[in-house]
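Please look through the sequence and the model below before reading on. The report that follows takes up a few local features and then turns to the overall build.

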Amino acid sequence: MYGERRQRIWDLAVIGIVVVYILLPMIVLVEYAFAQKWYAYQLFPSEWGFKWFSWVFKHADTRMAFFYSYTLAPLVMLTTLGLSIPAGYVLGTKRTRLSIFTENLVNMNMALPVIVIGIGLLPLYTRLGLLGNYWALIPAHMIGAIPYTLRSVTAAFMQVPRDLEEAARVLGATRLQVIRKVYIPMTWRGILAGGIFAFSWSLNEFILTLLLGAPAVKTLPIAIYEYVGGYYLTPQPAAALSLFILIPSIVIALFFEKYLQVSLGLGGG
């Protein structure tokens, strides 16, 4: 009895530490975003409101940051899926040495620091005259999004029985028809999961956008950095803008949990 109680206390302590570790930054973020008056040495603001939200929306560059972030992310998602679906079909249905090597090569990108990739792309983009180009940021964001998306899509294709494709090919279906009518209906969860990974990556991408896009193209992460990374520290507008990245991330996480139930390791099915 004593051992069970001790174990329960230990479990609650561990869970409590994890919850505080996750929620405490979010609580502070919300406090700064909605605080209109916050006197020193007080735990909570004395006056709440939407002052900082209206303040950031008055600036044209901030409004453009919303435009860039919320248009780049869907474009990166669509282009990444357009590349990952056929590649995932090949890697997931043809488990040869070449396909496994290719998959491992793509996954290696997940271990590379983004700053290293950015430094490698910087002279290339400079030579091609693509610095500050809105459309050139799409392939840059895809570099980080493809490994996660392709992993999800490939895992989904691997779970489809090969007998279904063979039966469809015997009945006269082309490879494109097999992908469209056999695989897509059975792998849509993994494909959707991969698309959400790409969307989230692009929405939160900071380093590549800073190196290759700024100052011509400023997304929300860059706009947030300008409020807290310069000489004058203004966390209130940075917190207000951060909610527009945090809330979509939470919605995506809830969507995963309720509808997709897909893990990073499996990727769907």
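## Salt bridges

The side chains of Lys218 and Glu226 come together in a salt bridge, with 2.8 Å from N to O; the term stands for a side-chain nitrogen of Lys or Arg within 4 Å of a carboxyl oxygen of Asp or Glu. This is a predicted model, in which local features need pLDDT of at least 70 and side-chain atom pairs count only at pLDDT 80 or more, while totals for chains, interfaces and linings use all residues. Residues are numbered from 1 along each chain as its sequence is written, and side-chain values use heavy atoms, with hydrogens and water left out.

A search of the whole structure finds three salt bridges, and they are listed here.

| Salt bridge | N to O distance |
|---|---|
| Lys218 and Glu226 | 2.8 Å |
| Lys37 and Glu47 | 3.8 Å |
| Arg162 and Glu165 | 3.7 Å |

Helices (H or I, at least four residues) and strands (E, at least two) are DSSP runs, numbered from the N terminus. Lys37 has a relative accessibility of 41% and therefore counts as partly exposed, and Glu47 is likewise partly exposed, with a relative accessible area of 31%. In these terms, buried means under 20% relative accessible area, exposed means over 50%, and partly exposed lies in between (1.4 Å probe, protein chains only).

Arg162 and Glu165 both lie in helix α7 (residues 162–170), three residues apart, which is about one turn of the helix. An α-helix has 3.6 residues a turn, so residues three or four places apart point the same way. Arg162 counts as partly exposed because its relative accessibility is 37%, whereas Glu165 counts as buried because its value is 6%. Glu226, at 38% relative accessibility, is partly exposed.

## Aromatic rings

The structure holds 20 aromatic pairs; rings of Phe, Tyr and Trp (its six-membered ring) pair if their centres lie within 6.5 Å, and planes under 30 degrees apart count as stacked, over 60 as edge-to-face and the rest as tilted. One of these pairs is formed by Phe67 and Tyr134, which are stacked, with 6.4 Å from centre to centre and 20 degrees between the planes. This pair links distant parts of the chain, since Phe67 lies in helix α3 (residues 60–93) and Tyr134 in the loop between α5 (114–128) and α6 (137–158), 67 residues apart. Phe67 is partly exposed at 44% relative accessibility, but Tyr134 is buried at 14%. Elsewhere, ring pairs link Phe34, Phe50, Phe53, Phe57, Phe66, Tyr70 and Phe244 into a cluster.

Thr80 lies in helix α3 and, at 0% relative accessibility, counts as buried. A polar atom of the Thr80 side chain lies 2.6 Å from the backbone oxygen of Val76. Apart from neighbours within four places in sequence, Thr80 is in contact with Met142, Ala145, Ile146, Thr149 and Ala198, where contact means heavy atoms within 4.5 Å.

Gly88 also lies in helix α3, and this glycine is buried, with a relative accessible area of 0%. Residues up to four places away in sequence are again not counted, and Gly88 touches Leu150, Val153, Thr154 and Phe157. The C-alpha atoms of Gly88 and Arg151 are separated by 7.8 Å, although these residues are 63 residues apart along the chain.

## A kink and a cis bond

Helix α8 (residues 175–204) has a kink of about 65 degrees centred on Trp188; the bend at a residue is the angle between axes fitted to the seven residues ending there and the seven starting there. The end C-alpha atoms of α8 span only 36 Å, whereas a straight helix of 30 residues would span 44 Å at 1.5 Å a residue, the expected span being 1.5 Å times one less than the number of residues.

A cis peptide bond, with omega about 0 degrees, joins Ala214 and Pro215. Pro215 lies in the loop between α9 (207–212) and α10 (220–228). Most peptide bonds are trans.

## The whole chain

The protein has 11 helices and two strands, and 38% of its 269 residues count as buried. The C-alpha atoms fill a box of roughly 75 × 70 × 30 Å, taken along the principal axes.

Terms used: A polar contact is a pair of N or O atoms within 3.5 Å; within protein, one must be able to donate a hydrogen and the other to accept it, and residues adjacent in sequence count only if both atoms are side-chain atoms.
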